[in-house]
Amino acid sequence: MGLLTESDANNNHGLLDSYTTWQEEHPSALDSFEDMIAVAEGKKLVLFLDYDGTLSPIVNDPDKAFMSDAMRAAVREVAYLFPTAIVSGRCIDKVNGFVKLDNVVYAGSHGMDIWTPTGSLKYEDVGQQIKSIDEQGNKVVKFQPAQEFLPTVKEVMEIKPSINWNKGRALEYLLDTFGFTSSSDFLPLYIGDDTTDEDAFEVIRGLRRGFPIIVSSVPRNTKASYSLRDPDEVMDFMVRLAKWKKAKSTA
Ligand SMILES: O=P(O)(O)OC[C@H]1O[C@H](O[C@H]2O[C@H](CO)[C@@H](O)[C@H](O)[C@H]2O)[C@H](O)[C@@H](O)[C@@H]1O
């Protein structure tokens, strides 16, 4: 390992300073946890989680972007305690294959391919909702608002700009079909690292309720209100959320 030069040290301090300054606008969700749960008291938290870079680390080969066992356990736990959706840029079969948890809603292809368990829907007779069976044999309802754009071979990212659907629209759709938008006591909590997650952050800001949380270890332009540095911090945050919820339900 080489020695740190004075210039390296100055650069490191500079980076630290700019991240600290950025966090004044986007405070750490871990540091702000007590304030957040004070707001969430008596409300229904609905969780939306991005996959790559949020639940899994970013790696060179997308087919090796796995969640750790500890992360899988944390997602499983929050998904039993809160309505939980994974909203990813990947095609849904990839997301489903990586996550493999029964009780989460999957919204793949940037929210254009949504599969929900049948029991969880407010209504199931909307034209674009189709009853189907997933790979595990569970009954699901598929909602594919931009079906014609769903990729067969190429990633959907390349054609995304031409359609009026994004992760923000998917978040609105899911809140609606879960029956939350008619109530006043829900709070969406969205954690994501991708630029495409900004659409969801914007929707949450527009709702004037909930917690948009960006995952980034460097300062970034974002509409998120809170920040977490990396998937490890995402996991810590979810573990704390689960502990809080369990402590409340046993109190
Ligand atoms: O919405 P997300 O779940 O964050 O998906 C966004 C893209 O994620 C994947 O690419 C990113 O992660 C890969 C694995 O770590 C990495 O190799 C790549 O550089 C990243 O851009 C996925 O492959 C894309 O299809 C998604 O659009």
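This dialogue goes through how to read a predicted model.

User: What should I know about the model and its numbering?

Analyst: The model is predicted: local features need pLDDT of at least 70, side-chain atom pairs count only at pLDDT 80 or more, and totals for chains, interfaces and linings use all residues. Residues are numbered from 1 along each chain as its sequence is written.

User: How many helices and strands are there in the protein?

Analyst: Helices (H or I, at least four residues) and strands (E, at least two) are DSSP runs, numbered from the N terminus. The protein has 7 helices and 9 strands.

User: What is the order of the strands in the sheet?

Analyst: Two strands pair if DSSP finds at least two bridges between them. Here the 9 strands form an open sheet with mixed pairing, in the order E5-E6-E4-E3-E2-E1-E7-E8-E9. Strand E5 (129-133) and strand E9 (226-228) stand at the edges with a single partner strand each, so one side of each has no neighbour in the sheet. From one strand to the next the twist averages 20 degrees.

User: Which pairings show the parallel and antiparallel senses?

Analyst: E5 and strand E6 (residues 139-143) run antiparallel and are joined by 5 bridges; Lys131 has Val141 in E6 as its bridge partner. E1 and E2 pair in the parallel sense over 3 bridges, and the bridge partner of Leu47 in E2 is Thr84.

User: What share of the residues is buried?

Analyst: A residue is buried if 20 or more other C-beta atoms lie within 10 Å of its own, exposed if 12 or fewer, and partly exposed in between; C-beta atoms are placed from the backbone. Of the 251 residues in the protein, 37% are buried. In E2, Thr84 and Ile86 point one way and Ala85 and Val87 the other way, and all are buried.

User: Which residues have the most contacts inside the largest nonpolar core?

Analyst: In soluble globular proteins, nonpolar side chains tend to be buried together. A nonpolar core is a set of buried Ala, Val, Leu, Ile, Met, Phe, Trp, Tyr and Cys residues joined through C-beta atoms within 7 Å. The largest one has 55 residues, and those with the most contacts inside it are Phe48, Ile86, Ala107, Leu171, Tyr190, Ile213 and Met238. Helix H7 (residues 231-250) gives the most to this core, with 6 residues.

User: What do the buried residues of H5 pack against?

Analyst: Two residues are in contact if their C-beta atoms, placed from the backbone, lie within 7 Å. In helix H5 (residues 167-177), the buried residues include Ala170, Leu171, Leu174 and Leu175. The buried residues of H5 pack against elements including strand E1 (44-49), strand E2 (84-87) and helix H6 (198-207).

User: Which residues are closest to the ligand?

Analyst: A residue is near a molecule if its C-beta atom, placed from the backbone, lies within 6 Å of it. The ligand is surrounded by 16 residues, the closest being Tyr51, Asp52, Pro62, Ser88 and Gly89.

User: Where is Lys100, and what is its phi?

Analyst: Most residues other than glycine have a negative phi. Lys100 has a positive phi near 50 degrees and is found in the loop between helix H4 (92-99) and E3.

User: Is Arg208 buried or exposed?

Analyst: Arg208 is exposed, because 6 other C-beta atoms lie within 10 Å. Its place is in the loop between H6 and strand E8 (211-215), and its phi is positive, about 60 degrees, although Arg208 is not a glycine.

Technical notes. Axes are lines fitted to C-alpha atoms, for helices over the stretch in contact, and angles run from 0 to 180 degrees between N-to-C directions.
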